[in-house]
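This briefing covers a few points of backbone geometry. Please look at the sequence and the model first, then read the notes below.

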Amino acid sequence: MKAAQITRYGAPTTLQINDVDRPVPSAGEVLISVEASSVNGLDTIVRSGGLRVVTGFRFPIGVGLDFAGVVAATGADVSAYQVGDRVWGTVQPLKRYPAAGAAEYVVVPAGRVGPAPAGLTPVESASLVVAGTTALLALRDTLRLAGGERVLVRGAAGGVGTAAVQLAHAMGAHVTALSRERHAAALRELGADEVFDYGSTAPEEAGPFDVILDTVGSDLNAFRRRLTGRGRMATIALSASSVAAIAASSVHGARRIRTLSANPDTALLRDLADYVASGGLRPVVDSVYPLTDIAAAHQAFERGGVVGKQVVAVRAAE
């Protein structure tokens with residue numbers, strides 16, 4: 001079978017499509033025939049070597065955090081899924097898979113899989129797995145967003161940002177999106193009440209806000225000061241500067257800057273599918289690439305400036 005792999009750390013052009021053995025599910029695992037995967041920040045950080053202290057120097061390493069596809073086989077003790085079921089899910093972050101989401105087949109624990117939303121194509125489903133669960137975990141569980149509150153989404157045009165705008169709107173919040181001006185119309189269509197151009201809007205010109213979800217990682221303290229007295233803020237962007245800001249903000253107690261990393265299980269994937277079914281969340285796909293062109297998908301992700309997700313079509317839907 002074909003699988004995208006990291007054979008050395010570096011630019012997107014270092015990614016290779018190689019022939020590997022088809023994996024076999026053990027007890028409690030499912031084998032997925034993958035139809036689509038998306039590009040996520042963790043994928044590009046691992047590929048570039050940004051987490052080499054964790055991922056080490058034994059190659060190759062499989063690529064692709066998420067997937068949408070069909071159950072091809074089940075291991076012992078798996079009763080929740082049958083061959084032919086349409087599912088979506090994720091591999092375990094930072095685990096060394098020879099074949100991960102961007103491969104023709106992947107094996108994962110059954111608890112990392114959920115029924116794919118009805119009515120979505122595999123490409124559409126793949127675009128929502130990590131972005132949608134991250135946004136849902138951040139807004140609902142970490143920040144406890146309530147109806148009527150004012151929320152700011154920084155980096156609103158990205159994968160997590162477009163999901164967060166929709167979910168915050170569905171939760172009854174007043175949504176302010178911070179992005180490029182050319183994305184304003186698209187973000188308003190997704191549910192943003194206001195859209196500010198990040199290039200011309202200083203932090204002190206926005207707010208105040210009850211909740212801030214950051215996907216950018218810069219100027220965190222400046223935006224934290226735009227919180228109301230009972231405001232909450234979280235970031236999904238980790239860098240040397242953001243880690244320092246997060247640590248320094250601990251003196252502010254409840255108004256500190258929180259961080260999170262989604263690690264979806266079946267329950268969270270089912271909750272996300274419910275938002276799709278109710279019309280509160282829809283996929284936003286910027287571009288689709290064949291597996292053989294995954295390097296271009298990584299390049300597009302790193303360039304930025306788009307609305308939604310880059311998705312890798314691994315194979316045609318069965």
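Helices and strands are DSSP runs numbered from the N terminus, a helix having at least four residues in state H or I and a strand at least two in state E. The model is predicted.

**Cis peptide bonds**

- Phe 59 and Pro 60 are joined by a cis peptide bond, and its omega is about 5°.
- Pro 60 sits in a loop, with helix 2 (52-55) on one side and strand 4 (61-62) on the other.
- A cis bond also runs from Gly 207 to Pro 208, where omega is near 5°.
- The loop that holds Pro 208 lies between strand 11 (194-197) and strand 12 (209-214).

**Positive phi values**

- Asp 77, a residue other than glycine, has a positive phi, near 70°.
- The loop between strand 5 (66-74) and strand 6 (86-90) contains Asp 77.
- Arg 144 is likewise a residue other than glycine with a positive phi, here near 50°.
- Arg 144 is found in the loop between helix 3 (122-142) and strand 9 (150-154).

**Exposure of the positive-phi residues**

- Are Asp 77 and Arg 144 buried or exposed?
- The relative accessible area of Asp 77 is 75%, and exposed means over 50%, so Asp 77 counts as exposed.
- Arg 144 has a relative accessible area of 62%, and therefore Arg 144 is exposed by the cut-off of over 50%.

Terms used:
Residues are numbered from 1 along each chain as its sequence is written. This is a predicted model: local features need pLDDT of at least 70, side-chain atom pairs count only at pLDDT 80 or more; totals for chains, interfaces and linings use all residues. Side-chain values use heavy atoms; hydrogens and water are left out. Buried means under 20% relative accessible area, exposed over 50%, partly exposed in between (1.4 Å probe, protein chains only).
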